[in-house]
Amino acid sequence: SRVSTQSTGNTLEQVGDIALNDFRDMYPRYPAIEDVNIPEEHMKMKIDLRQFINLSPYTCNETVSFSRLFNLFRSMGLRQLVIVNEDNKAVGMVTRKDLAKFRKWRKPGTSGVQQLNLLGKDCDQNGECCHEDS
């Protein structure tokens, strides 16, 4: 594979071919988190992230049904949903990506949720996969 770009300011321009290995070698590398040295006095510092967060997000109790979660995401257009315990403390988060691998189905008198496999197969809740009938 060949990559053809050159950085000029904030944009990339195509100029000539660069081997993919050369591109990977030039790509910035960052140290592993274990190799980052943080002074002890910095470990007690805090960062105010309030300007970046939603101070009143949608939440659901940790006992919410999967069907209810699925309906909330679809009807409200949510990207994430905070899961709270009975003390209203956050215990987890469900994202749109978490639900993207499921499909809701309905037949007369019954409904359910089916897990989808990336290979185009459908899987049931036990992970058993079968080809979808068209």
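Modeller: Two strands count as paired if DSSP finds at least two bridges between them. The model to which this criterion is applied here is predicted.

Colleague: What makes β8 and β9 a hairpin?

Modeller: Six bridges join β8 (residues 102-107) to β9 (residues 110-116), and a pair requires at least two, so β8 and β9 are paired. The two strands run antiparallel, with two residues between them. R106 stands opposite S111 in β9. In the turn, G109 has a positive phi of about 85°.

Colleague: How do you know that β6 and β7 are paired, and in which direction do they run?

Modeller: Strand β6 (residues 80-84) is joined to β7 by five bridges. L81 stands opposite V94 in β7.

Colleague: What is the order of the strands in the open sheet?

Modeller: The three strands follow the order β5-β6-β7, and the pairing is mixed. In general, strands of a sheet pair through backbone hydrogen bonds, either parallel or antiparallel.

Colleague: Why are β5 and β7 called edge strands?

Modeller: Both β5 and β7 (90-95) pair on one side only. From one strand to the next, the twist averages 30°.

Colleague: What packs on the sheet, and which strands does it touch?

Modeller: Helix α3 (residues 66-76) packs there, touching β5, β6 and β7. Touching here means heavy atoms within 4.5 Å. The direction of α3 makes about 145° with that of β6.

Colleague: Why is I53 called partly exposed rather than buried or exposed?

Modeller: The relative accessible area of I53 is 47%. Buried means under 20% and exposed means over 50%, so I53 falls in between and is partly exposed. I53 lies in the loop between α2 (40-43) and β5 (59-61).

Colleague: How many helices and strands does the chain have, and what share of its residues count as buried?

Modeller: The chain has four helices and eleven strands. Of its 134 residues, 16% count as buried, which means that they have under 20% relative accessible area. The accessible surface of the chain comes to about 11,800 Å², with 50% belonging to carbon and sulfur atoms.

How values were computed: Residues numbered from 1 in each chain as written. Predicted model: local features only at pLDDT ≥ 70, side-chain atom pairs only at ≥ 80, totals over all residues. Heavy atoms only, no water. Buried < 20%, exposed > 50% of the residue type's maximum accessible area, 1.4 Å probe, protein only. Axes fitted to C-alpha atoms, helices over the stretch in contact; angles between N-to-C directions. Areas by Shrake-Rupley, 256 points an atom, 1.4 Å probe, with all protein chains shown as cover.
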